[in-house]
Every structure is written in structure tokens, then in C-alpha cells.
Amino acid sequence: MNTNQTTGTECAPWCTNEDARGRADHTCMGDSSDCIELTAALDYLTLDEDGIESSFCFVTPVREADRRPGVSMTWEVGDHPEFRPRLTPGEARRIAAELVAAADLIEGGG
Ligand SMILES: [Zn+2]
């Protein structure tokens, strides 16, 4: 991968980020998934004055210059700070499989 300052970086084929495109500090980002509302998280939170807590997550493919591509998960649960872990493709698949297995188990399907 060429990250030379004068020639910039090659964009990933899935990149939709126009910001700093072609420059060494460009971060390739794909389209984010739809926001997934996290209603179960509300069981653990105290509602704010308006009785509203916004909890959701979404997934974005990313590749920062000089780094391996990764899967970014953005979690926002109420007023808690945003949590944005970066995962390798293997880690993302493993977590997805574990989520499906746990969901199937509690619904009696697995
Ligand atoms: Zn790019």
C-alpha cells in the first residue's frame, strides 16, 4: 500500500469518503449500516428528564492510512460516552456468530 505524502493513498473500492481523498491522511470509510435501536439497553439506564434515552449502534467499514481495513462499531447508549471498537474481519464475524448463537439460545432455536 502506497502511503507516500506526494502520491497519497489508493482508496479502497468500497470507500465513499470524499474528505482528503488522495492525501496520506485520508481515511477510507464505506457507507454505515442503518442505525439499530438498542431497546434492551434501556432496562439498565435511568431515563433523563424528558424520559428519553437514545441508544443505538451502527457498523462502518474503515481503513485509515497505514492500517489494515477494519470494521468499526459505533455504540451510543443514553448519555454514556460513545464506544467505537475497531474489529478485524475475523473478529467481526466471530462476534456476529456469537450474537446469533446467544439470540437463538434464548429464543429456544439453538
Ligand atoms: Zn478512501
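**Helix, strands and a cysteine**

Tutor: Let us begin with helix α1 (residues 89–106), which has 18 residues and reaches 26 Å from its first C-alpha to its last, close to the 26 Å expected at 1.5 Å a residue. The expected span of a helix is 1.5 Å times one less than its number of residues. Please note that this is a predicted model, in which local features need pLDDT of at least 70 and side-chain atom pairs count only at pLDDT 80 or more, while totals for chains, interfaces and linings use all residues. Residues are numbered from 1 along each chain as its sequence is written.

Student: What makes a stretch a helix or a strand?

Tutor: Both are DSSP runs numbered from the N terminus: a helix is H or I over at least four residues, and a strand is E over at least two. The chain has 1 helix and 5 strands, in the order β-β-β-β-β-α along the sequence.

Student: Why is α1 said to lie largely in the open?

Tutor: A residue is buried if 20 or more other C-beta atoms lie within 10 Å of its own, exposed if 12 or fewer, and partly exposed in between, with C-beta atoms placed from the backbone. Of the 18 residues of α1, the number buried is 0, so the helix lies largely in the open. Of the 110 residues of the chain, 6% count as buried.

Student: Why is cysteine 57 called partly exposed?

Tutor: Cysteine 57 belongs to strand β3 (residues 55–64). It has 17 other C-beta atoms within 10 Å and is therefore partly exposed, since that class lies between the limits of 12 or fewer and 20 or more.

Student: Which residues is cysteine 57 in contact with, leaving aside its neighbours within four places in sequence?

Tutor: They are Ile36, Leu38, Met73, Thr74 and Trp75; a contact requires C-beta atoms, placed from the backbone, to lie within 7 Å. The C-alpha atoms of cysteine 57 and leucine 38 are 7.2 Å apart, although 19 residues separate the two in sequence.

Student: How many bridges link β4 and strand β5?

Tutor: Strand β4 pairs with β5 (residues 86–87) in the antiparallel sense over 2 bridges. Arginine 86 in β5 is the bridge partner of serine 72.

How values were computed. Contact = placed C-beta atoms within 7 Å. Pairing = 2+ DSSP bridges.
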